[in-house]
Amino acid sequence: MRQHSTFPRLFGSLLLVVAAGISSIGMSGVGAAPERGAPGPAHEPAARPLDQIVPAPAQVRAGGAAYTLTSRSRIQVEGRSHEDAREARRIGSYLAGLLRPSTGYALPVTDRRGEGGIRLRLVGTDDKDRDKDRERDRDRALGEEGYRLESGRGGVTITAQEPAGLFHGVQTLRQLLPASVEKRTPQRGPWTVAGGTVTDTPRYAYRGAMLDVSRHFLTVDQVRLYIDQLALYKINKLHLHLSDDQGWRIAIDSWPRLATYGGSTQVGGGPGGYYTKAEYRELVSYAASRHLEVIPEIDMPGHTNAALASYAELNCDGVAPPLYTGTAVGFSSLCAPKEVTYDFVDDVIRELAALTPGKYLHIGGDEAHSTSHADYVTFMERTQAVVGKYGKTVVGWHQLTGATPVKGAVAQYWGYDATGAAERAQVAAAAKKGTRLILSPADRVYLDMKYDRTTVLGQSWAGYTEVDRSYDWNPATYLAGAGVPEDAVLGVEAPLWTETLATSDQLESMAFPRLPGIAELGWSPAATHDWDTYKVRLAAQGPRMAALGIDFYRSPLVNWPADR
């Protein structure tokens, strides 16, 4: 049962601002409300303060009159080139699609200049109409993903240098409007945005979420829904775990049984499934429309039973094992001494690289307990070369550092408090030689870890991970004790493994509300990091998540709005 079906209907997250005693910026234009969404009586709650969003913005200057969206509002778009104008229009149409159902407003998207409304601007440092060095420098500082949101009585303007920044600014605008704006049916406003300026850029370039579609197969629609949820919190990487012992989930023309046979089951013996190449391209395209880069993973040389069951020649003894539907790890291995193994690797990576426009390709490398160290080193050396051959950057789980990471390779650290000093030292040694790190400590950001002993879904091998523990750590210093330099950290990623998860409701109950906090660790300046203030902002996300139909866990550590 999706939680939003029983969550009380609230008049937006503005009620929480009042209940929590947060100081608010006053709303202008208060008066009669002749139309739905127009400003109401003077006792209406004030607009949400500009800094009360997740992730926390880098810089906020509050003040001035608020802006209220009305039936006369338009979405104006502009760009420095025809291509940029097209991108701005695409983002404007996305925004209009978000706002129209709840407000009931037409919100036409136009490139014609006019007064009022929402203005989306893509600017360059060489624009002819820019003759002020200070303004050029201000725009240049936004970088690839930053934005500036300016709100006043006349309207809201979002400025960015690149489309990703404009899109992230739209996500901030969503959160500054009442939570009921997320509903797909007409709601009563007012739709007011506090006055002031938000200038925002990300802390880390890599802010990821991993979705395991191998243990339980997830449909294209399920993945698309998760992409939409990630976008709200400015996540920019979607790591798809496409193969494991329990299932192979991507069609490979040169080895067709990988999908048709290796993908025919899942944990518990269900029907499984796989993505055709067209479906995978659709997911990549949909993620790109939300400014997420897809990073595909083929886990090797372990976690490969689905492949071994599909092709006997990949086994050292030439005998294919049965399909596997359990949850044990570490028992399978590709046959590193066989040359056919590397034909297989080359074919799979070649076809997957051709489908994937992003720069990264993940080759797994974890829990290869049935592969000797010598074979592991040989396999990873040859496989990394294949990834480079097809123009991609290697990503592997941090066990890759037990071999020799190629120049530019990225290691994803999933260790936790119980990880030994020697293993951490191995990771640190690689980092000091230039290997960048994605941090995914299992006892902090593995979203399938149980919240506490009463949690029904998930696992607990890394311990219990309540919302505060998931949030309250610093990626820059997390491995400092092992000798990892701060500049080796590329970013953070929240994996969601699916041994116990099959439905979107189940995914959501484990991902939310932890995922927004992990997104904040990746986006927000370290100076904003504070659990006591964050949990108030997180509470304000409750009505928004409910309006979106997200079946989130009501952590007792957070003062969620009272039922009504």
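Visitor: How do the axes of α5 and α14 cross, and within what distance do they come?
Guide: In this predicted model, the axes of helix α5 (residues 220-232) and helix α14 (residues 504-511) come within 11 Å and cross at roughly 30°. Angles under 35 degrees count as roughly parallel, so α5 is roughly parallel to α14.

Visitor: Is the crossing of α5 and α14 left-handed or right-handed?
Guide: The α5 and α14 crossing is right-handed.

Visitor: Which residues make the contact?
Guide: On the α5 side they are Gln222, Leu225, Tyr226 and Gln229, and α14 brings Ser504, Glu508 and Ala511.

Visitor: How many of the residues in the contact of α5 with α14 are nonpolar, polar or charged?
Guide: Three are nonpolar, three are polar and one is charged.

Visitor: Changing topic. Which strands form the closed barrel?
Guide: Eight strands form the barrel, in the order β10-β11-β14-β15-β16-β17-β18-β19, and their pairing is parallel.

Visitor: By what angle are neighbouring strands of this sheet turned against each other on average?
Guide: The average is 30°, with direction ignored.

Visitor: Take β14 and β15. How many bridges join them?
Guide: Two bridges do, between β14 (residues 293-300) and β15 (residues 360-364), and these strands run parallel.

Visitor: What is the bridge partner of Met300 in β15?
Guide: Gly364 is the partner of Met300.

Visitor: Which helix lies across β14 and β15?
Guide: Helix α9 does, with residues 339-355, and α9 runs at about 170° to β14.

Note on methods:
Residues numbered from 1 in each chain as written. Predicted model: local features only at pLDDT ≥ 70, side-chain atom pairs only at ≥ 80, totals over all residues. Heavy atoms only, no water. Pairing = 2+ DSSP bridges. Helix = DSSP H or I, 4+ residues; strand = E, 2+ residues; numbered from the N terminus. Axes fitted to C-alpha atoms, helices over the stretch in contact; angles between N-to-C directions. Contact = heavy atoms within 4.5 Å. Parallel < 35°, antiparallel > 145°, perpendicular 65-115°, else oblique. Left-handed = near helix turned anticlockwise from the far one by under 90°. Nonpolar A, V, L, I, M, F, W, Y, C, P; charged D, E, K, R; others polar.
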